[in-house]
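The following exercises ask you to read a model residue by residue. Work through each task before turning to its solution.

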Amino acid sequence: MTEDTRARMEGLRGRIDEIDERLVELLSERAECALGIGELKRALRLAIYQPAREAEVLAHVCAINRGPLDNEAIRRLFERVIDEARRLEGIAARDEAGRLDRNATGTVQSED
């Protein structure tokens with residue numbers, strides 16, 4: 001491998017690392033939004049799983065996809081993102097239910 005090739009590869013890998021950092025930040029921001037939506041769903045007594053909304057999200061991300069990933073790859077990636085958001089909503093719902101149960105029984109739980 002030539003020095004030029006090595007430098008180019010290192011540059012591209014550095015760029016991938018920077019993009020990965022931005023992706024993590026954006027995924028975390030998206031998860032925060034999903035948690036807020038989950039809170040509203042609980043207040044309105046709506047189910048966590050909303051298949052029509054999931055279909056809308058998947059259709060949207062496929063519609064805006066310009067490649068090089070094909071729509072199936074985008075769909076699979078976003079299905080995982082949605083699954084994780086739904087998992088977080090479920091955890092938050094169970095945590096809230098646990099707090100409500102403890103409050104109803106008069107058990108005091110410290111907030112560490």
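Helices are DSSP runs of H or I with at least four residues, numbered from the N terminus. The model used here is predicted.

**Exercise 1.** Determine in which helix Val57 lies, and decide whether Val57 counts as buried or exposed.

*Solution.*
Step 1. The helix that holds Val57 is α2, which covers residues 51-64.
Step 2. A residue is buried under 20% relative accessible area and exposed over 50%.
Step 3. Val57 has 12% relative accessibility and therefore counts as buried.

**Exercise 2.** Identify which residues Val57 touches, leaving aside residues up to four places away in sequence, and state how far apart Val57 and Arg75 are in space.

*Solution.*
Step 1. With those sequence neighbours left aside, Val57 is in contact with Arg30 and Ile82.
Step 2. From C-alpha to C-alpha, Val57 and Arg75 are 9.4 Å apart in space, and they are 18 residues apart in sequence.

**Exercise 3.** Classify Leu27 by its accessibility and name the nonpolar patch to which it belongs.

*Solution.*
Step 1. Leu27 is found in helix α1, residues 3-44.
Step 2. Its relative accessibility is 44%, so Leu27 counts as partly exposed.
Step 3. On the surface, Leu27 forms a nonpolar patch with Ile19 and Leu23; together they have about 240 Å² of accessible area.

**Exercise 4.** Is Glu21 buried or exposed, and which residues gather with it in a patch of negative charge?

*Solution.*
Step 1. Glu21 has its place in helix α1.
Step 2. Its relative accessible area is 52%, so Glu21 is exposed.
Step 3. Glu21 gathers with Asp17, Glu18, Asp20, Glu25 and Glu29 in a patch of negative charge on the surface.

Key: Residues are numbered from 1 along each chain as its sequence is written. This is a predicted model: local features need pLDDT of at least 70, side-chain atom pairs count only at pLDDT 80 or more; totals for chains, interfaces and linings use all residues. Side-chain values use heavy atoms; hydrogens and water are left out. Patches are made of residues with over 30% relative accessible area and no salt bridge: like charges are joined within 9 Å, nonpolar side chains (Val, Leu, Ile, Met, Phe, Trp, Tyr) within 5 Å. Accessible areas come from the Shrake-Rupley method with a 1.4 Å probe; for residues, only the protein chains shown count as cover. A salt bridge is a side-chain nitrogen of Lys or Arg within 4 Å of a carboxyl oxygen of Asp or Glu. Helices (H or I, at least four residues) and strands (E, at least two) are DSSP runs, numbered from the N terminus. Buried means under 20% relative accessible area, exposed over 50%, partly exposed in between (1.4 Å probe, protein chains only). Contact means heavy atoms within 4.5 Å. Lys and Arg count as positive and Asp and Glu as negative; His and the chain ends are not counted. The place of a charge is taken as NZ of Lys, CZ of Arg, CG of Asp or CD of Glu.
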